[in-house]
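Hi,

Here is the structure I promised to pass on. Have a look first, and my notes follow below.

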Amino acid sequence: VRGAAALVAFTVSVLGGNLSAQEKTTLTTERDKVSYAIGVDVGTSLQPVGPFLDIAAFERALNNTFQGKPPLISEAEAQATDQVLRMNLAVAEGAQVPGMAPGSKPPAVDKSKVGLFLGTYVVGQSLLPFKDEIDTAVLAQALRTTTSGGTPLLTAEQAKEEMKAYLTKRQGAAGQRNRDEGARFLAENKTKKGVITTPSGLQY
């Protein structure tokens, strides 16, 4: 048994090393850049939460949400986790929490549940419209670096510009798609009996 346990520990260690080695050092594709930019943006917003956040659990919940699977944490658990997290954040900032004696410690935070809560009900839900265009591993890498005070591959300003360009392009593509669908409808509709098309293209 001890030999098997040692083998498992060794395997996990090797895999963990490989995962770390696979982290992006450069962002070459648009998908990489957009995913990383979103991670920097989320990480900047969640900076105070960093010490209480399990990034692996967050990434797992994000993938689960994008795949449309049942939540990995119930709403009741998420609400309870959110409450404990807020208490800890308040104490960390030196604020007095109602119902807590001065100098007393708040309940311990379950970092894994914080990751599941944020990945499922907060960040995951807001990013659902972009799920097919996001590499969650790259997003998680940026989130990990940003919340831990590391040096990200994109500055906050660069991330903002990357997201702005991406959203502009996405809106343009959506507009073109709508125009194409409209043109296709008009082309099909004008062949129907009783439909009159004016020289300007209007149909009635």
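A quick definition to start: a nonpolar core is a set of buried Ala, Val, Leu, Ile, Met, Phe, Trp, Tyr and Cys residues joined through side-chain atoms within 4.5 Å. Buried means under 20% relative accessible area, with exposed over 50% and partly exposed in between (1.4 Å probe, protein chains only).

Bear in mind that this is a predicted model, where local features need pLDDT of at least 70, side-chain atom pairs count only at pLDDT 80 or more, and totals for chains, interfaces and linings use all residues. Residues are numbered from 1 along each chain as its sequence is written, and side-chain values use heavy atoms, leaving out hydrogens and water.

Now the findings. The largest nonpolar core has 30 residues, and Val49, Leu53, Phe58, Leu118 and Leu127 have the most contacts inside it. At least two of its residues come from each of α2 (30-45), α3 (55-66), α4 (75-92), α5 (111-127) and α6 (136-147); helices here are DSSP runs (H or I, at least four residues), numbered from the N terminus. Another core, of eight residues, lies apart from it and includes Leu27, Tyr36, Val138 and Ala159.

Take Leu53: leaving aside neighbours within four places in sequence, Leu53 is in contact (heavy atoms within 4.5 Å) with Phe58, Lys111, Val114, Gly115, Leu118 and Leu143.

Ala57 and Leu116 are 59 residues apart in sequence, yet 5.5 Å apart in space, C-alpha to C-alpha.

Cheers
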